[in-house]
Amino acid sequence: MSNKTMKLPVICTRGIIIFPGLDVTIEVGRPKSVRAVDLAEKEYDKEVLIVCQKDIMIDNPTIHDLYSYGTLSKIKVKRRKEGFLRVTFGGNERAKITNIYDDGDMMFAEVEIIEDTHGNAQEEVALVKRIINEIETSSNIGSIF
């Protein structure tokens with residue numbers, strides 16, 4: 001883990017998870033999330049923390065309704081629609097929430113950036129080959145019957 005920590009506005013999503021390296025377009029309509037997008041553009045270099053809520057049926061999630069990990073994301077494109085925003089976020093880094101608070105207008109989180117871990121490249125190639133072999137073997141058995 002890195003010691004890099006930061007404070008960011010939070011956008012809660014319903015069942016949508018953004019991974020580092022991916023761009024995702026989300027309709028942002030809840031007032032706290034709209035304010036978070038606007039503040040991120042003005043004061044946080046367009047950076048926000050995207051965190052998924054545990055139960056998608058909850059309309060106004062509290063701190064306890066959120067997962068403890070999210071994705072540090074950058075606002076790439078924002079379009080205002082009637083009553084909501086359509087925002088494209090670029091996922092940058094995984095982040096662990098170390099502190100989160102709600103000031104009534106929006107949520108903020110203090111996060112610690114999580115460094116990616118990489119396995120042994122030779123082991124990964126061997127495992128992929130093994131999986132392919134198993135799929136081919138099971139496909140051949142199925143075609144016999």
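Which residues lie nearest the centre of the largest pocket? In this predicted model, they are Ile17, Ile18, Tyr69, Gly70 and Thr71, which belong to a lining of 13 residues. Two elements, strand 3 (47-52) and strand 4 (69-80), each give two or more residues to that lining. The space in this largest pocket comes to about 210 Å³. By class, its lining consists of 10 nonpolar residues, 2 polar residues and 1 charged residue.

The second largest pocket has a volume of about 160 Å³. Its lining is made up of Ile11, Cys12, Thr13, Arg14, Ile16, Ile26, Glu27, Val28, Gly29, Arg30 and Ser33. Here the elements that contribute two or more residues are strand 1 (5-13) and strand 2 (23-28). The residues around this second space divide into 5 nonpolar, 3 polar and 3 charged.

Leu22 is placed in the loop between strand 1 and strand 2. With a relative accessible area of 44%, Leu22 is partly exposed; a residue must have over 30% to be counted in a patch.

Most residues other than glycine have a negative phi. Which value does phi take at Asp45? Although Asp45 is not a glycine, its phi is positive, at about 55°. Lys46 likewise is a residue other than glycine with a positive phi, near 65°. Asp45 is found in the loop between helix 1 (31-43) and strand 3, and Lys46 also lies in the loop between helix 1 and strand 3.

Lys46 has a relative accessible area of 34%, so Lys46 is classed as partly exposed. That class covers the range between the buried limit, under 20%, and the exposed limit, over 50%.

Definitions and conventions: Residues numbered from 1 in each chain as written. Predicted model: local features only at pLDDT ≥ 70, side-chain atom pairs only at ≥ 80, totals over all residues. Heavy atoms only, no water. 1 Å grid on protein atoms, 1.4 Å probe; cavity = no way out; pocket = protein on both sides within 12 Å on 5 of 7 lines; lining within 4 Å. Points joined across faces, edges and corners; volume = space filled by probe spheres on them. Helix = DSSP H or I, 4+ residues; strand = E, 2+ residues; numbered from the N terminus. Nonpolar A, V, L, I, M, F, W, Y, C, P; charged D, E, K, R; others polar. Buried < 20%, exposed > 50% of the residue type's maximum accessible area, 1.4 Å probe, protein only.
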